[in-house]
Amino acid sequence: MTASLAIVVCSRDRPQLLAATLAAIAGQQADDVLVVDSASRTEATAAVAAAAGVRCVRVDEPGLARARNAGLRATDADVVAFTDDDCEPETGWAAAVRTSFDARTAFVLGRVVALGGTEQPVVQLETTARVFSAGDDVMRMGHGANFSVARAAWAALGGFDELLGAGARFRAGEDTDFLWRALQAGWAGRFEPAAAVGHRVWRGRREALRTMYGYGVGQGAVATKVRRLAGRDAVRTLSGGTASAALRQTWRDLRAGYQFGAVAGLGWAAGAVRGQVGAAMLPLEEGHLRTRHRVRSDDS
C-alpha cells in the first residue's frame with residue numbers, strides 16, 4: 001500500500017518568502033498541505049496561507065520542534081515532508097519522498113541546492129542514494145530544509161524535542177537529534193537525491209553569522225544529549241556538535257584563506273559551548289530535555 005503524504009511548512013513572520021514556497025509546492029503530489037504558524041507576531045502568515053488555499057495551524061509559542069510536532073498532529077498522513085519557508089521544492093520532490101519510505105524507514109533527506117547568494121548557503125549536493133544506520137554521523141546526512149518523517153517513528157520516539165530548534169531555548173538541532181534517536185532505536189534512514197529543494201540564500205553576512213552561532217547552540221545541546229544517552233564514545237561519531245570540532249574546522253578555514261568561514265566557525269564554537277553547558281544542566285527524560293520548574297512556596 002502506498003503511503004499517504006502531507007507537506008508541512010513551518011513559518012514565522014516571513015510572509016513574502018512563504019508565498020513563494022507555497023507557489024512552488026502547488027504542483028507537488030501530496031495528499032495534504034498545511035502551514036504551521038509558529039507564533040508569528042502578525043496575521044500575515046495566516047493570510048498568505050489562506051490566499052494559497054492552504055490550511056494553517058497556529059502555535060502560540062515559538063520553536064521549530066514544537067511547530068514540527070504540531071504539523072504531525074494536524075494531519076493523519078503516514079509521511080510528513082517538511083521544507084522551509086525560504087525553499088522551493090523541485091518538480092517530483094514529493095513523489096520521490098513518498099516512494100523512498102518502507103516499514104523500517106524513519107526519515108528521508110534529500111538534496112538542498114542554493115538559489116542565489118554566496119554566504120553560508122544551506123546546501124546538500126550529494127548525488128548518491130544512501131541508507132543510514134546507528135553509528136553514522138547524523139550531522140552530515142542532510143538538512144531540516146528537506147526532511148521527511150514517518151509518523152510511526154515520530155510516535156515511537158515521542159516526537160521532536162521541543163527545547164531544540166529555531167525559536168526555542170536551543171536554537172537548532174531538532175532534526176539531527178531526531179535522526180540520532182531514530183537510528184539508535186533501530187530505525188533506518190535514507191538520503192534520496194531525487195528529492196530536491198532549492199534554498200533561497202537571502203541572509204547577509206551579519207545574519208549568517210548569527211545563524212551559525214545558533215546552529216552551534218543547537219548542535220552543542222545535541223552532542224550533550226548523545227553523551228548522556230550513549231556515552232562519550234558516541235559523541236565521536238558527530239562531526240559538528242562540539243566546540244572542539246568547530247575550532248578544528250576554523251583552523252582549516254584559516255589555513256585555506258577562507259576568513260569568513262573562520263569567523264563563522266568561531267561563532268559556531270561559542271554557540272556549541274553554550275549549548276553543551278546548557279543541556280548538561282537540564283533534566284533528560286525519555287530522550288527529551290525538560291525545563292526545570294521552580295517550586296514556589298506559599299508565604300502564609
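User: How do I read the crossing of H6 and H7: right-handed or left-handed?

Analyst: Start with the general idea. Two packed helices are described by the angle between their axes and the distance between the axes. Now the case here, in a predicted model. The crossing of H6 and H7 is right-handed. H6 covers residues 174-184 and H7 covers residues 205-230. Their axes come within 10 Å and cross at roughly 20°. Angles under 35 degrees count as roughly parallel, so H6 is roughly parallel to H7.

User: Which residues of H6 and H7 make the contact?

Analyst: From H6, they are Thr-176, Asp-177, Trp-180, Arg-181 and Gln-184. H7 contributes Gln-219, Val-222, Lys-225, Val-226, Leu-229 and Ala-230.

User: Next, aromatic pairs. How many are there?

Analyst: Look at ring centres, then at the angle between the planes. The count comes to seven aromatic pairs. One of them joins Phe-107 and Phe-132. Their centres are 6.4 Å apart, with 20° between the planes. Planes under 30 degrees apart count as stacked, so this pair is stacked.

User: Where in the chain do Phe-107 and Phe-132 lie?

Analyst: Phe-107 is in strand S6, residues 105-115. Phe-132 is in strand S7, residues 130-132.

User: Are Phe-107 and Phe-132 buried or exposed?

Analyst: Both Phe-107 and Phe-132 are buried.

User: Which residues do ring pairs link into a cluster?

Analyst: Phe-82, Phe-147, Phe-160 and Phe-178.

User: Which rings does Arg-68 sit over?

Analyst: For a charge over a ring, check the distance to the ring centre and the direction relative to the ring normal. Arg-68 lies over the face of Phe-82, at 4.8 Å from the ring centre. The charged end of Arg-68 also sits over the ring of Phe-160, 5.9 Å from its centre. Phe-82 and Phe-160 both belong to the ring cluster.

User: Now backbone angles. What is phi at Asp-13?

Analyst: Phi of Asp-13 is near 60°, a positive value in a residue other than glycine. Asp-13 is in the loop between strand S1 (5-11) and helix H1 (15-25). At 25% relative accessibility, Asp-13 counts as partly exposed.

User: What is phi at Glu-286, and where does Glu-286 lie?

Analyst: Glu-286 has a positive phi of about 50° and is not a glycine. Glu-286 lies in the loop between strand S10 (284-285) and strand S11 (288-289).

User: Is Glu-286 buried or exposed?

Analyst: The relative accessible area of Glu-286 is 76%. Over 50% counts as exposed, so Glu-286 is exposed.

Note on methods: Residues are numbered from 1 along each chain as its sequence is written. This is a predicted model: local features need pLDDT of at least 70, side-chain atom pairs count only at pLDDT 80 or more; totals for chains, interfaces and linings use all residues. Side-chain values use heavy atoms; hydrogens and water are left out. Helices (H or I, at least four residues) and strands (E, at least two) are DSSP runs, numbered from the N terminus. Buried means under 20% relative accessible area, exposed over 50%, partly exposed in between (1.4 Å probe, protein chains only). Rings of Phe, Tyr and Trp (its six-membered ring) pair if their centres lie within 6.5 Å; planes under 30 degrees apart count as stacked, over 60 as edge-to-face and the rest as tilted. A charge sits over a ring if NZ of Lys or CZ of Arg is within 6 Å of the ring centre and within 35 degrees of the ring normal. Axes are lines fitted to C-alpha atoms, for helices over the stretch in contact, and angles run from 0 to 180 degrees between N-to-C directions. Angles under 35 degrees count as roughly parallel, over 145 as roughly antiparallel, 65 to 115 as roughly perpendicular and the rest as oblique. A crossing is left-handed if the near helix is turned anticlockwise from the far one by less than a right angle, and right-handed if clockwise. Contact means heavy atoms within 4.5 Å.
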